[in-house]
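Visitor: I am new to this structure and would like to learn how to read it. Please take me through some of its features one by one.

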Amino acid sequence: MNNPSTESSGPQPQSWAIRHRAGVRIALIAVVSLFVSLPVIYIAYLIAESPGAEDLRRVNIPQPSILLASDGTRLAVFGRAQQLPVALKDVSPNVIEALIATEDHRFYRHHGIDIERTISGLFHTLAGRVQGGSTITQQLARNLFPDEIGRQRTLHRKLMEMITAIKIERTFSKDQILETYLNTVPFLFGAVGIEMAS
C-alpha cells in the first residue's frame, strides 16, 4: 500500500516552475501598474493644484493700489497695471483678427490646447529651435496666475498651464477669453492691457 506522505516528500520541479512563472507575472503586472499609475496620480495632483473654476471667477484685472490719508485724501497710486478694462465690443475687429492670426489661428477650433501646435513646438524645441506652442488660452492662464503657474521652461509648468487652460475654456466663452486676454496681456514699454497700450 502506498503512503501518500512519502510520495509528496520528494522535490517537485514542475510545481516550482509554475510558482516561479506566476511570481514573475505578478511582479511584471506590479511594475506595469506602477508605471501606468504614477502619471495618472501626477496628473490628478496637477488638476487639484491648478486654479479651479472658483479661482477663475474671482480673478479681476489688477487695479493699482491707492494710498489714502486718514481723512480719505489720495496720497499716491502704486502699481503698473493702471489700465481700464475694455469690453470686447469696443475693440476693433482688426485687432482681434490680428491677435488670432499671429497668436493662435485655430483659437475657435480647440478647447484650450492646440495639440498639433504643441507637438510641432516640441519637435522644433528638441531640434534646437525653441518655439512656443501656447494657445491664447494658455497665455491667459500664465497672465492670470503667474505665481501658481510661473514662466519656467519645465514640463511641470507646461502641464499646469495646459490644465488651467482647459479649465478656463470650460468656464468662459471664447469672447470672454479674448476680452480678458486683451485686458491682461503685457505689451511693450510696461503697458498692460489694450487700453494702456493704445
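Guide: Start with a pair of side chains at the surface: lysine 89 and aspartate 90 are both exposed. Exposed means over 50% relative accessible area, buried means under 20%, and partly exposed lies in between (1.4 Å probe, protein chains only). The model is predicted, so local features need pLDDT of at least 70 and side-chain atom pairs count only at pLDDT 80 or more, while totals for chains, interfaces and linings use all residues. Residues are numbered from 1 along each chain as its sequence is written, and side-chain values use heavy atoms, with hydrogens and water left out.

Visitor: What do the side chains of lysine 89 and aspartate 90 meet in?

Guide: They meet in a salt bridge, at 3.4 Å from N to O. The term stands for a side-chain nitrogen of Lys or Arg within 4 Å of a carboxyl oxygen of Asp or Glu.

Visitor: How many salt bridges does a search of the whole structure find?

Guide: The search finds seven. One of them joins the side chains of arginine 106 and aspartate 114, at 2.8 Å from N to O. Arginine 106 is counted as buried because its relative accessibility is 17%. Aspartate 114 is also buried, at 5%.

Visitor: Which residue does arginine 157 form a salt bridge with?

Guide: Its partner is glutamate 161, and the closest N and O atoms are 2.3 Å apart. Helices are DSSP runs (H or I, at least four residues), numbered from the N terminus. Arginine 157 has a relative accessible area of 10% and is therefore buried; glutamate 161 is buried at 0%. Salt bridges with shared partners join Arg142, Arg157, Lys158 and Glu161 into one network.

Visitor: Which residues is glutamate 161 in contact with, leaving aside its neighbours within four places in sequence?

Guide: Contact means heavy atoms within 4.5 Å. By that rule glutamate 161 is in contact with Ser134, Gln138, Ala141, Arg142 and Ile149. Serine 134 is 27 residues from glutamate 161 in sequence, and their C-alpha atoms are 8.8 Å apart in space.

Visitor: Is isoleucine 136 buried or exposed?

Guide: It counts as buried, because its relative accessibility is 0%. Isoleucine 136 belongs to helix α6 (residues 136-144). Not counting residues up to four places away in sequence, isoleucine 136 touches Leu99, Ile100, Glu103, Asp104, Phe107, Ile177, Leu178 and Tyr181.

Visitor: Where does asparagine 143 lie, and what does it touch?

Guide: Asparagine 143 is in helix α6 as well. With residues up to four places away in sequence not counted, asparagine 143 touches Arg151, Tyr181, Thr184, Val185 and Pro186. At 19% relative accessibility, asparagine 143 counts as buried.

Visitor: Which residues of helix α9 are buried, and what do they pack against?

Guide: Helix α9 covers residues 174-184, and its buried residues are Lys174, Ile177, Leu178, Tyr181, Leu182, Asn183 and Thr184. They pack against α4 (93-103), α6, α8 and α10 (194-197).

Visitor: What does the charged end of lysine 174 sit over?

Guide: It sits over the ring of phenylalanine 107, 4.4 Å from the ring centre. The test is that NZ of Lys or CZ of Arg is within 6 Å of the ring centre and within 35 degrees of the ring normal. Phenylalanine 107 is buried, with a relative accessible area of 0%.

Visitor: How many aromatic pairs does the structure hold?

Guide: It holds one. The ring centres of phenylalanine 107 and tyrosine 108 are 5.0 Å apart and the planes are at 75°, so the pair is edge-to-face. Rings of Phe, Tyr and Trp (its six-membered ring) pair if their centres lie within 6.5 Å; planes under 30 degrees apart count as stacked, over 60 as edge-to-face and the rest as tilted. Tyrosine 108 is partly exposed, at 49% relative accessibility.

Technical notes
Helix = DSSP H or I, 4+ residues; strand = E, 2+ residues; numbered from the N terminus.
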